Amino acid sequence: MLKIGVLVSGSGTNLQSIIDSIKAGHIQGEIAIVISDKKSAFGLQRAISENIPSVFISKKQAGSIDNFNAEIIRALKSYSVDLVVLAGYLSILSKEFIQAYRNQIINIHPSLIPSFCGNGYYGLKVHEAAINHGVKVSGATVHFVDEGTDTGAIILQKTVEVLPLDSAETLQQKVLKLEHQLLPLAVKLFCEKKLNIIELENKPTKVLVLK
Ligand code: GRF
């Protein structure tokens, strides 16, 4: 049974979608620990309600980004985590973190990468950019995390139509529903070892998904 570590910074609805999917028996894995960089993150409450070990790790107390990330790595290692899931997690991962869990970290982003992603694109800002650009479709992306921001190999994507009367808020709600489908599916596929990473010379890494 694979051990999953989930990092949250906010309400944790994506965490909840994984919890629910595991409870429904869809995922051969268990959430070993939930970690947040925000003491007030409701995602921590969701873990407590499910008797899942949870911990707030303070960036401030850690003193530096590297110490902060080292503390998170220590917590993940202490629970023998095999897969790290960034579920609405907003802090930067250090190079050491990426190296410690190469190709074992996945992230959910609320747009069709490579659109509306990278530094500064998170939460509602993503959807404001999509609406302002007048796109006709948007969606969600699950990808592996590498040293860049939202640049890792894409695992799954799902689209949603953007209607003329859509606002950033209504689009956010439509995309969030897709996230709650995609993230548990990506976790399921990872646990079933169906995500084959194809690394070719001088080419972006790709993921071959065996369904
Ligand atoms: C949402 O904006 C979602 O699109 C992104 O993280 C934010 C919070 O999600 N992935 P959650 O409810 O905390 O999972």
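In the predicted model, L86 has N107 of strand β5 as its bridge partner. Strands β4 (residues 83-86) and β5 (residues 105-109) run parallel and are joined by three bridges; two strands count as paired if DSSP finds at least two bridges between them. Helices (H or I, at least four residues) and strands (E, at least two) are DSSP runs, numbered from the N terminus. Residues are numbered from 1 along each chain as its sequence is written. Local features of this predicted model need pLDDT of at least 70, side-chain atom pairs count only at pLDDT 80 or more, totals for chains, interfaces and linings use all residues, and side-chain values use heavy atoms, with hydrogens and water left out.

The open sheet comprises seven strands in the order β3-β2-β1-β4-β5-β6-β7, with mixed pairing. Strands β3 (54-56) and β7 (154-161) stand at the edges with a single partner strand each, so one side of each lacks a neighbour in the sheet. On average, neighbouring strands are turned by 20° against each other, direction ignored. Helix α1 (residues 13-23) packs on the sheet and touches β1 (2-8), β2 (29-36), β4 and β5 (contact: heavy atoms within 4.5 Å). The direction of α1 makes about 160° with that of β2, where axes are lines fitted to C-alpha atoms, for helices over the stretch in contact, and angles run from 0 to 180 degrees between N-to-C directions. Helix α4 (residues 65-78) lies across β1, β2 and β4, at about 155° to β2.

Helices α6 (residues 124-133) and α7 (residues 168-191) pack at about 115°, with axes 8 Å apart. The contact involves L124, H127, E128, A130 and I131 of α6 and A168, E169, L171, Q172 and V175 of α7. Helix α7 is followed by K193, with a positive phi near 55°.
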